[in-house]
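Hi everyone, thanks for coming. Let me put the model up on the screen and walk you through a few parts of it.

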Protein chains: 2
Amino acid sequence: MSSRRLEVEVLSIGDELLIGQTVNTNAAWMGQALEAEGWHVGRCVTIPDEKKVMLEALREAESRAELVLITGGLGPTRDDITKHVLCDHFNTQLVRHEAIEQRIVSWFERRGREILQVNKDQAMLPESCVPLDNPKGTASGMWFDRPGGATVAMPGVPYEMEHIMLHGVLPRMRDQLKTAGRAPLREHRSILTMGTGESQLASRIEDLELDWIKRGIKLAYLPSPGSVRIRLTAEAEAVADLSSAHQLLVERLTEFVVSETGETVEEALAELWKNQGWTLAVAESCTGGGLGATLVSRPGASAFFLGGVQSYSNTAKVDLLGVPAAMIQRHGAVSHPVACAMAEGARAQLNADFGIGITGIAGPDGGSEEKPVGTVFIACSGPSGTQCESHRFGRDRTRNLGMTIRAACRLALEEGRNNLTVSNSGAKGVADSL
Amino acid sequence: MSSRRLEVEVLSIGDELLIGQTVNTNAAWMGQALEAEGWHVGRCVTIPDEKKVMLEALREAESRAELVLITGGLGPTRDDITKHVLCDHFNTQLVRHEAIEQRIVSWFERRGREILQVNKDQAMLPESCVPLDNPKGTASGMWFDRPGGATVAMPGVPYEMEHIMLHGVLPRMRDQLKTAGRAPLREHRSILTMGTGESQLASRIEDLELDWIKRGIKLAYLPSPGSVRIRLTAEAEAVADLSSAHQLLVERLTEFVVSETGETVEEALAELWKNQGWTLAVAESCTGGGLGATLVSRPGASAFFLGGVQSYSNTAKVDLLGVPAAMIQRHGAVSHPVACAMAEGARAQLNADFGIGITGIAGPDGGSEEKPVGTVFIACSGPSGTQCESHRFGRDRTRNLGMTIRAACRLALEEGRNNLTVSNSGAKGVADSL
């Protein structure tokens with residue numbers, strides 16, 4: 001292990017992860033938090049709640065990484081064995097912590113819930129560990145110093161783990177860095193593109209990439225349905241060149257760049273709308289509310305999002321959005337004119353600056369020769385008129401819904417940016433006229 | 001490795017997974033698909049796009065598992081090195097497959113996209129592998145037979161991986177099982193509970209659990225915000241006792257059981273509504289459309305879901321749902337009467353059998369002394385009246401939104417089941433009256 005690289009290994013414990021009943025979002029959250037602090041996650045290993053496997057994986061991880069972070073298996077029930085395995089591994093025993101037991105008791109009292117002995121036993125912790133406070137639940141975190149580094153165990157419930165990471169683990173890690181005189185030596189920059197594939201993007205910047213490789217800047221393409229995120233990573237001295245590389249990347253790919261900071265298209269949309277003081281309303285058919293849910297998933301949405309209509313049925317389109325029944329009859333509910341009428345209806349009904357209308361066939365059934373599954377019409381209505389685009393996504397429902405939501409955000413973002421240009425160039429723009 | 005256990009190890013390759021830019025949903029999907037076939041996923045390992053680490057992890061995995069499934073690093077760009085590492089590992093070389101190149105060329109032609117040499121080079125595959133067809137993209141899967149088992153590489157794009165798993169990998173695995181005369185020897189049953197914590201559940205069934213342990217049935221608690229899934233796992237002979245154990249579990253915990261099959265609360269809701277021919281409308285404030293999006297995320301939602309109103313702003317509540325402005329003025333937008341009026345408004349506006357109304361303070365800001373962040377009112381209006389319940393969730397926005405959506409489904413499910421009882425007992429129920 002290089003002395004300059006701060007190596008972390010994540011051990012996720014739980015049969016539910018292996019059989020896919022739970023998606024391992026903890027590992028991703030920890031990866032983000034650690035990278036942001038300049039630590040390098042070298043490996044994530046998911047193993048079952050089995051003593052032998054846990055002991056083996058622990059030994060392997062500790063031989064590779066300075067810091068081993070374990071999640072899972074700290075609950076009060078019989079299938080939770082992490083604490084006992086750690087006692088074995090560190091050759092220590094469980095001892096009762098009075099203060100922690102008191103906290104657990106009052107945790108139950110505050111919630112008016114009966115406390116059981118197994119709950120109190122959550123205050124039994126390995127003698128050689130430093131307990132890490134968990135105000136969100138009953139399972140404490142445990143910090144074990146060991147030759148060559150430290151090993152930490154946390155509960156697998158995401159918001160409990162996150163609290164312990166933020167308030168217990170990361171501050172301790174920072175202290176250790178400071179003591180050792182070691183600073184973070186790795187930085188990332190990302191951009192988000194939409195509208196073309198990764199091989200086209202790569203061919204556009206081939207010369208840049210070759211130059212960056214020589215200078216220690218690594219390039220990665222992260223394709224998602226409908227978008228490609230491009231990430232630049234610089235280590236050590238190359239960090240100094242990262243900003244100019246990022247600038248070159250943005251310039252070269254300008255017509256595909258949705259976000260220069262790698263933020264998602266919905267984040268870029270929210271930022272523009274908030275900055276301009278614009279409002280937005282939606283009319284969602286096939287997505288059933290998913291666009292609205294995406295917009296409100298981050299705090300502060302009420303500054304621009306007024307709401308909308310989930311017009312899943314035709315009646316809802318007619319009664320709540322004023323889409324003419326004859327138009328639906330003539331063109332079909334999934335059509336260019338209906339998408340426009342929905343966008344305009346949402347804008348009018350909610351008295352918003354912009355309205356988005358979405359209608360499509362998400363699948364797996366409901367397609368026709370002319371309009372196969374995956375056909376989606378998205379319209380955006382604003383002060384300078386209504387734009388509509390059609391898409392033919394694939395046959396996968398979940399994917400189609402996600403791509404539709406992102407495409408709708410991209411169209412609105414484009415319309416917003418166009419409006420801005422009109423406005424800035426002196427023509428009557430939305431920011432003045434409303 | 002036991003000769004009865006069919007051991008699989010999953011190797012996920014990609015820096016984006018380690019730094020948390022992408023959540024590893026592939027591992028969960030594969031875990032589910034493999035378990036359903038009776039295979040046992042013993043370990044999932046996530047590693048960076050680094051040759052040395054990949055070779056080491058491959059050797060380790062092959063020493064432990066009969067089948068090693070690799071995802072990621074098969075794209076056309078320079079950061080994708082899996083194919084080259086596999087050539088090294090299996091001591092083979094890349095050869096061009098004419099038929100695959102032809103397929104890639106027509107893949108681009110169909111989409112009207114320009115093809116580059118790097119795209120054509122996706123037809124260069126290790127000589128010793130069996131290519132697995134990928135009609136969803138340009139990266140073929142690769143099946144390598146090896147002493148003691150097989151190793152398979154697939155692209156990391158989820159829908160491409162899923163297609164190759166379903167059509168290339170799983171059928172081959174089934175053939176191998178058949179040839180070897182080995183049948184799946186592990187079964188699961190799950191139930192979903194809401195309304196109490198895991199320690200309370202565990203104390204209720206302590207005697208059952210002790211008995212099951214003796215008989216080889218394993219019990220696991222999988223807590224999520226607002227619910228606990230309980231999973232029974234039987235291996236080998238114990239499989240015969242699994243049904244009766246499951247039955248006992250449901251009986252003992254009856255008042256907390258939302259689903260006897262472990263399906264989610266929204267799946268249980270959809271099933272009941274479809275079976276009864278009922279319709280549903282929603283009025284969502286803080287969730288912004290998330291309940292509707294959850295309901296339409298599975299196919300067939302149009303059989304019962306009519307749509308609704310995303311009444312994020314007060315104007316939307318008044319104008320689109322008929323909530324009296326004076327009521328909002330007097331009680332606040334987040335209140336018992338407003339939730340009821342929203343549910344009734346949705347039911348009336350969309351002419352639905354049931355309406356759900358949601359209003360709350362998702363956080364992190366906007367709380368008060370009387371109504372802190374996490375306060376949510378959920379109402380369900382149906383043929384026998386309107387029920388409203390209030391919740392005080394926590395301070396985490398994402399968690400609050402998820403818990404609200406699930407709590408709303410649970411309340412509606414309860415109301416639906418009550419209606420069913422009324423209806424079945426001879427009183428005028430919804431199924432007759434509408």
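Predicted model: local features only at pLDDT ≥ 70, side-chain atom pairs only at ≥ 80, totals over all residues.

Residues are numbered from 1 along each chain as its sequence is written, with chains lettered from A and ligands numbered from 1 in the order in which they are written.

So, the interface. Here 82 residues of chain A are in contact with 81 residues of chain B, contact being C-beta atoms, placed from the backbone, within 7 Å. On the chain A side, helix α2 (residues 25–36) gives the most, with 8 residues; helices (H or I, at least four residues) and strands (E, at least two) are DSSP runs, numbered from the N terminus.

Strand β2 (residues 40–47) of chain A also pairs with strand β2 (residues 40–47) of chain B, antiparallel over 3 bridges; pairing takes at least two DSSP bridges. Look for C44(A), which stands opposite T46(B).

Now over to chain B. Which residues of helix α4 (residues 82–89) are buried? They are T82(B), K83(B), V85(B) and L86(B), where buried means 20 or more other C-beta atoms, placed from the backbone, within 10 Å of a residue's own, exposed 12 or fewer, and partly exposed in between.

Finally, R231(B) sits in strand β11 (residues 227–235) and is partly exposed, with 19 other C-beta atoms within 10 Å. Thanks, all!

Terms used: Contact = placed C-beta atoms within 7 Å.
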